[in-house]
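Biologist: I have a model open on my screen and would like to learn how to read it. Could you take me through its features one at a time?

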Amino acid sequence: IIEIGSNFIGKHIYHFDSVDSTNTIAKKMAAEGAFDGTVIIAEEQIGGRGRLGRSWISPKGTGIWMSIVLRPNIEPTEAAKITQITAAAVANAIRKATGCEVGIKWPNDIIIHNKKVCGILTEMGAELNSVNYIIVGIGINVNVDIKEFPEEVKKIATSIRACVGKEISRKDIVKEILLEFQKLYLDFIENKNIKKSIDICKKYSVTLGKQVKIKNRDKEIIAEAIDLTEDGQLLIKNESGEMQTVISGEVSVRGI
Ligand code: BTN
(Lines give C-alpha, C1' and ligand atoms only; values in the text may rest on other atoms or scores of the structure.)
Protein backbone atom coordinates (compact mmCIF):
# COMPACT_ATOMS: atom_id res chain seq x y z
CA ILE A 1 0.00 0.00 0.00
CA ILE A 2 1.29 3.39 -0.96
CA GLU A 3 0.91 6.37 1.33
CA ILE A 4 2.17 9.53 -0.25
CA GLY A 5 0.37 11.95 2.03
CA SER A 6 -0.90 13.84 -1.00
CA ASN A 7 -3.98 16.01 -0.78
CA PHE A 8 -4.67 15.72 -4.52
CA ILE A 9 -2.98 13.33 -6.99
CA GLY A 10 -2.93 9.98 -5.20
CA LYS A 11 -5.06 11.06 -2.26
CA HIS A 12 -7.27 8.12 -3.23
CA ILE A 13 -5.31 5.10 -4.45
CA TYR A 14 -6.94 1.81 -5.49
CA HIS A 15 -4.55 -1.10 -5.63
CA PHE A 16 -5.66 -4.24 -7.49
CA ASP A 17 -4.04 -7.62 -7.83
CA SER A 18 -5.10 -8.46 -11.36
CA VAL A 19 -7.17 -6.39 -13.79
CA ASP A 20 -7.98 -6.27 -17.46
CA SER A 21 -6.58 -2.75 -17.89
CA THR A 22 -6.17 -0.01 -15.28
CA ASN A 23 -7.26 2.53 -17.92
CA THR A 24 -10.52 0.65 -18.43
CA ILE A 25 -11.13 0.54 -14.66
CA ALA A 26 -10.24 4.22 -14.34
CA LYS A 27 -12.70 5.14 -17.10
CA LYS A 28 -15.44 3.20 -15.40
CA MET A 29 -14.69 4.80 -12.03
CA ALA A 30 -14.49 8.25 -13.63
CA ALA A 31 -17.88 7.75 -15.30
CA GLU A 32 -19.25 6.79 -11.88
CA GLY A 33 -17.89 10.00 -10.33
CA ALA A 34 -14.41 9.16 -8.98
CA PHE A 35 -12.53 12.12 -7.51
CA ASP A 36 -10.10 14.20 -9.51
CA GLY A 37 -6.64 12.76 -8.87
CA THR A 38 -7.75 9.18 -8.13
CA VAL A 39 -5.03 6.63 -8.89
CA ILE A 40 -5.52 3.01 -9.93
CA ILE A 41 -2.58 0.60 -9.73
CA ALA A 42 -2.49 -3.09 -10.59
CA GLU A 43 0.06 -5.81 -10.00
CA GLU A 44 -0.87 -7.39 -13.31
CA GLN A 45 -2.93 -6.53 -16.40
CA ILE A 46 -4.43 -9.28 -18.52
CA GLY A 47 -5.57 -6.93 -21.27
CA GLY A 48 -3.10 -4.04 -20.98
CA ARG A 49 -3.62 -1.59 -23.81
CA GLY A 50 -1.11 0.50 -25.75
CA ARG A 51 -1.58 3.31 -28.23
CA LEU A 52 -2.89 2.70 -31.72
CA GLY A 53 -4.79 -0.42 -30.71
CA ARG A 54 -1.68 -2.30 -29.58
CA SER A 55 -1.46 -4.44 -26.48
CA TRP A 56 0.82 -3.74 -23.52
CA ILE A 57 2.52 -6.67 -21.82
CA SER A 58 2.06 -6.26 -18.07
CA PRO A 59 3.48 -9.21 -16.09
CA LYS A 60 2.68 -9.67 -12.43
CA GLY A 61 4.55 -7.78 -9.73
CA THR A 62 7.33 -6.44 -11.90
CA GLY A 63 6.14 -3.20 -13.46
CA ILE A 64 4.16 -0.06 -12.74
CA TRP A 65 0.76 -0.37 -14.39
CA MET A 66 -1.11 2.70 -13.26
CA SER A 67 -3.82 5.15 -14.31
CA ILE A 68 -4.72 8.60 -13.01
CA VAL A 69 -8.24 10.07 -13.22
CA LEU A 70 -8.25 13.81 -13.98
CA ARG A 71 -11.08 16.28 -14.27
CA PRO A 72 -9.53 19.39 -15.75
CA ASN A 73 -11.63 22.25 -17.00
CA ILE A 74 -10.21 22.19 -20.54
CA GLU A 75 -11.35 21.67 -24.10
CA PRO A 76 -10.94 18.26 -25.76
CA THR A 77 -8.29 19.68 -28.11
CA GLU A 78 -6.05 20.31 -25.10
CA ALA A 79 -5.87 16.66 -24.04
CA ALA A 80 -2.49 16.19 -25.73
CA LYS A 81 -1.04 18.68 -23.22
CA ILE A 82 -1.73 16.18 -20.45
CA THR A 83 0.44 13.63 -22.27
CA GLN A 84 3.33 16.12 -22.34
CA ILE A 85 2.90 16.88 -18.63
CA THR A 86 2.96 13.15 -17.91
CA ALA A 87 6.05 12.48 -20.03
CA ALA A 88 7.89 15.29 -18.24
CA ALA A 89 6.80 14.06 -14.81
CA VAL A 90 7.75 10.43 -15.48
CA ALA A 91 11.12 11.36 -16.99
CA ASN A 92 12.00 13.54 -14.01
CA ALA A 93 10.76 10.92 -11.55
CA ILE A 94 12.74 8.05 -13.08
CA ARG A 95 15.90 10.17 -13.09
CA LYS A 96 15.42 11.15 -9.47
CA ALA A 97 14.47 7.71 -8.19
CA THR A 98 16.99 5.64 -10.16
CA GLY A 99 19.71 7.91 -11.56
CA CYS A 100 19.09 6.44 -15.04
CA GLU A 101 19.62 8.75 -18.00
CA VAL A 102 16.21 8.91 -19.64
CA GLY A 103 15.11 10.47 -22.88
CA ILE A 104 11.66 11.48 -24.12
CA LYS A 105 10.61 10.39 -27.58
CA TRP A 106 7.79 12.68 -28.60
CA PRO A 107 4.92 12.45 -27.88
CA ASN A 108 4.80 9.83 -25.19
CA ASP A 109 7.64 7.33 -24.88
CA ILE A 110 10.31 7.34 -22.22
CA ILE A 111 13.55 5.90 -23.50
CA ILE A 112 16.68 4.49 -21.87
CA HIS A 113 19.67 3.65 -24.07
CA ASN A 114 17.52 4.03 -27.20
CA LYS A 115 14.90 1.54 -26.00
CA LYS A 116 11.43 2.08 -24.61
CA VAL A 117 11.04 1.76 -20.84
CA CYS A 118 7.66 3.49 -20.46
CA GLY A 119 4.57 4.26 -22.52
CA ILE A 120 1.72 6.65 -21.82
CA LEU A 121 -1.87 6.20 -22.97
CA THR A 122 -4.10 9.26 -22.58
CA GLU A 123 -7.83 8.67 -23.02
CA MET A 124 -10.72 11.06 -22.70
CA GLY A 125 -14.40 11.14 -21.87
CA ALA A 126 -15.94 14.24 -23.46
CA GLU A 127 -19.37 15.61 -24.25
CA LEU A 128 -19.73 18.21 -26.97
CA ASN A 129 -16.97 20.66 -26.26
CA SER A 130 -16.21 19.89 -22.67
CA VAL A 131 -13.99 17.30 -21.08
CA ASN A 132 -15.70 15.11 -18.54
CA TYR A 133 -12.56 13.23 -17.54
CA ILE A 134 -9.11 12.35 -18.75
CA ILE A 135 -7.35 9.11 -17.93
CA VAL A 136 -3.58 9.00 -18.09
CA GLY A 137 -2.25 5.46 -18.21
CA ILE A 138 1.40 4.94 -17.39
CA GLY A 139 3.19 1.64 -18.01
CA ILE A 140 6.79 1.26 -16.82
CA ASN A 141 9.01 -1.79 -17.18
CA VAL A 142 10.67 -1.58 -13.78
CA ASN A 143 11.89 -5.09 -12.86
CA VAL A 144 10.35 -6.81 -15.86
CA ASP A 145 12.46 -9.52 -17.49
CA ILE A 146 12.62 -8.38 -21.11
CA LYS A 147 14.10 -11.76 -22.11
CA GLU A 148 10.64 -13.23 -21.60
CA PHE A 149 9.00 -10.82 -24.04
CA PRO A 150 8.25 -11.80 -27.66
CA GLU A 151 11.12 -11.26 -30.14
CA GLU A 152 9.67 -8.16 -31.80
CA VAL A 153 9.16 -6.45 -28.42
CA LYS A 154 12.57 -7.48 -27.06
CA LYS A 155 14.25 -5.50 -29.80
CA ILE A 156 12.63 -2.21 -28.79
CA ALA A 157 12.00 -2.54 -25.04
CA THR A 158 14.13 -2.22 -21.93
CA SER A 159 13.65 -2.10 -18.16
CA ILE A 160 14.87 0.03 -15.30
CA ARG A 161 16.44 -3.08 -13.80
CA ALA A 162 18.54 -3.50 -16.94
CA CYS A 163 19.75 0.08 -16.52
CA VAL A 164 20.50 -0.03 -12.80
CA GLY A 165 21.72 -3.64 -12.64
CA LYS A 166 19.50 -4.64 -9.74
CA GLU A 167 15.85 -4.71 -8.67
CA ILE A 168 14.40 -1.30 -7.85
CA SER A 169 11.47 -0.47 -5.54
CA ARG A 170 8.38 0.26 -7.62
CA LYS A 171 6.87 2.14 -4.70
CA ASP A 172 9.66 4.72 -4.65
CA ILE A 173 9.16 5.40 -8.35
CA VAL A 174 5.36 5.63 -8.02
CA LYS A 175 5.71 8.14 -5.19
CA GLU A 176 8.14 10.26 -7.17
CA ILE A 177 5.89 10.19 -10.26
CA LEU A 178 2.81 11.28 -8.35
CA LEU A 179 4.69 14.12 -6.68
CA GLU A 180 6.25 15.32 -9.93
CA PHE A 181 2.98 14.95 -11.80
CA GLN A 182 1.07 16.94 -9.18
CA LYS A 183 3.61 19.77 -9.37
CA LEU A 184 3.52 20.05 -13.16
CA TYR A 185 -0.22 19.48 -13.47
CA LEU A 186 -1.06 22.14 -10.87
CA ASP A 187 1.23 24.55 -12.69
CA PHE A 188 -0.85 23.93 -15.82
CA ILE A 189 -4.18 24.32 -14.02
CA GLU A 190 -3.08 27.47 -12.20
CA ASN A 191 -1.15 29.22 -14.95
CA LYS A 192 -2.99 27.90 -18.03
CA ASN A 193 0.26 26.92 -19.70
CA ILE A 194 2.55 23.90 -19.76
CA LYS A 195 5.81 25.80 -20.05
CA LYS A 196 7.52 23.94 -17.21
CA SER A 197 6.62 20.57 -18.72
CA ILE A 198 7.64 21.62 -22.23
CA ASP A 199 11.02 22.79 -20.96
CA ILE A 200 11.59 19.35 -19.42
CA CYS A 201 10.37 17.59 -22.60
CA LYS A 202 12.79 19.68 -24.66
CA LYS A 203 15.68 19.09 -22.30
CA TYR A 204 15.32 15.30 -22.46
CA SER A 205 14.05 15.05 -26.04
CA VAL A 206 15.62 12.39 -28.24
CA THR A 207 13.47 13.59 -31.15
CA LEU A 208 14.46 17.22 -31.70
CA GLY A 209 17.12 17.82 -34.33
CA LYS A 210 16.61 14.33 -35.78
CA GLN A 211 15.06 13.05 -38.95
CA VAL A 212 11.63 11.60 -38.18
CA LYS A 213 9.05 9.54 -40.00
CA ILE A 214 5.49 10.34 -39.04
CA LYS A 215 2.61 8.02 -39.82
CA ASN A 216 -0.83 9.53 -39.47
CA ARG A 217 -3.64 7.36 -40.73
CA ASP A 218 -2.58 6.58 -44.34
CA LYS A 219 -0.07 9.39 -44.71
CA GLU A 220 3.61 9.07 -44.03
CA ILE A 221 5.97 12.04 -43.96
CA ILE A 222 9.69 12.28 -43.55
CA ALA A 223 10.81 15.47 -41.89
CA GLU A 224 13.24 17.06 -39.52
CA ALA A 225 12.01 17.60 -35.97
CA ILE A 226 12.71 21.24 -35.17
CA ASP A 227 11.01 22.20 -31.91
CA LEU A 228 8.11 21.70 -29.52
CA THR A 229 5.46 24.40 -29.55
CA GLU A 230 4.27 25.90 -26.28
CA ASP A 231 1.23 23.61 -26.31
CA GLY A 232 3.27 20.47 -26.93
CA GLN A 233 2.95 19.98 -30.68
CA LEU A 234 5.94 18.91 -32.74
CA LEU A 235 7.22 21.50 -35.19
CA ILE A 236 8.71 19.82 -38.24
CA LYS A 237 10.33 20.87 -41.50
CA ASN A 238 9.16 18.59 -44.30
CA GLU A 239 11.15 17.49 -47.32
CA SER A 240 10.13 20.54 -49.34
CA GLY A 241 11.36 22.82 -46.57
CA GLU A 242 7.92 23.79 -45.27
CA MET A 243 7.30 24.06 -41.55
CA GLN A 244 4.24 22.41 -40.04
CA THR A 245 3.08 21.15 -36.67
CA VAL A 246 1.85 17.70 -35.71
CA ILE A 247 -0.42 17.03 -32.75
CA SER A 248 0.17 13.30 -32.49
CA GLY A 249 0.79 10.24 -34.59
CA GLU A 250 3.24 7.43 -34.81
CA VAL A 251 6.74 8.80 -34.89
CA SER A 252 9.93 6.94 -35.59
CA VAL A 253 13.22 8.66 -34.97
CA ARG A 254 16.16 7.66 -37.14
CA GLY A 255 18.52 5.46 -35.17
CA ILE A 256 16.06 4.73 -32.36
C1 BTN B 1 1.99 2.91 -25.46
O2 BTN B 1 3.17 3.24 -25.45
O3 BTN B 1 1.48 2.39 -26.45
C4 BTN B 1 1.16 3.21 -24.23
C5 BTN B 1 1.24 2.12 -23.20
C6 BTN B 1 0.41 2.42 -21.97
C7 BTN B 1 0.38 1.27 -20.98
C8 BTN B 1 -0.31 1.62 -19.69
S9 BTN B 1 -0.13 0.41 -18.43
C10 BTN B 1 -1.34 1.20 -17.44
C11 BTN B 1 -2.43 1.67 -18.38
N12 BTN B 1 -3.43 0.63 -18.60
C13 BTN B 1 -3.41 0.20 -19.87
O14 BTN B 1 -4.14 -0.70 -20.31
N15 BTN B 1 -2.50 0.87 -20.57
C16 BTN B 1 -1.81 1.87 -19.79
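Modeller: We will go from the ligand shell to the domains, the core and a few backbone details. This is a predicted model, in which local features need pLDDT of at least 70 and side-chain atom pairs count only at pLDDT 80 or more, while totals for chains, interfaces and linings use all residues. Residues are numbered from 1 along each chain as its sequence is written.

Biologist: Let's begin with the ligand, then. How many residues surround the ligand, and which are the closest?

Modeller: A residue is near a molecule if its C-beta atom, placed from the backbone, lies within 6 Å of it. Here 21 residues surround the ligand, and the closest are Ser21, Gly50, Gly119, Gly137 and Gly139.

Biologist: Which helices and strands each supply at least two residues of that shell?

Modeller: Helices (H or I, at least four residues) and strands (E, at least two) are DSSP runs, numbered from the N terminus. Helix α1 (22-31) and strands β3 (64-70), β6 (115-127) and β7 (130-140) each supply at least two residues of the shell.

Biologist: How do the residues of the shell divide into nonpolar, polar and charged?

Modeller: Ala, Val, Leu, Ile, Met, Phe, Trp, Tyr, Cys and Pro count as nonpolar, Asp, Glu, Lys and Arg as charged, and the others, Gly among them, as polar. On that scheme the shell has 6 nonpolar, 11 polar and 4 charged residues.

Biologist: Where does UniProt place the feature "binding site"?

Modeller: UniProt positions are given in the numbering used here, feature names are shortened, and annotations may be inferred rather than shown by experiment. The unreviewed UniProt entry places "binding site" at Ser21, Thr22, Asn23, Gln45, Arg49, Gly50, Arg51 and Lys116.

Biologist: Is glycine 137 buried or exposed?

Modeller: Glycine 137, in strand β7, is buried, because 27 other C-beta atoms lie within 10 Å. Glycine 137 and asparagine 23 are 114 residues apart in sequence and 5.8 Å apart in space, C-alpha to C-alpha.

Biologist: Which residues of α1 are buried?

Modeller: In α1, Thr22, Asn23, Ile25, Ala26, Lys27 and Ala30 are buried. What covers them includes β1 (13-19), β2, β3, β6 and β7.

Biologist: How is the chain divided into domains?

Modeller: Domain bounds come from an automatic or database domain assignment. The chain has domain 1 (13-203) and domain 2 (211-253). Their contact takes 13 residues from domain 1 and 10 residues from domain 2. On the domain 1 side, α6 (195-203) gives the most, with 4 residues.

Biologist: What about the nonpolar core?

Modeller: In soluble globular proteins, nonpolar side chains tend to be buried together. A nonpolar core is a set of buried Ala, Val, Leu, Ile, Met, Phe, Trp, Tyr and Cys residues joined through C-beta atoms within 7 Å. The largest one has 69 residues, of which Val90, Ala91, Ile94, Ile110, Ile138, Ile173 and Ile177 touch the most other members. Helix α2 (79-98) gives the most to this core, with 11 residues.

Biologist: Finally, which peptide bond is cis?

Modeller: The bond from tryptophan 106 to proline 107 is cis, with omega near 0°. Proline 107 is found in the loop between β4 (103-105) and β5 (109-112). As for phi, leucine 52 has a positive value of about 55° although it is not a glycine.

Note on methods: Contact = placed C-beta atoms within 7 Å. Buried ≥ 20, exposed ≤ 12 C-beta atoms within 10 Å, placed from the backbone.
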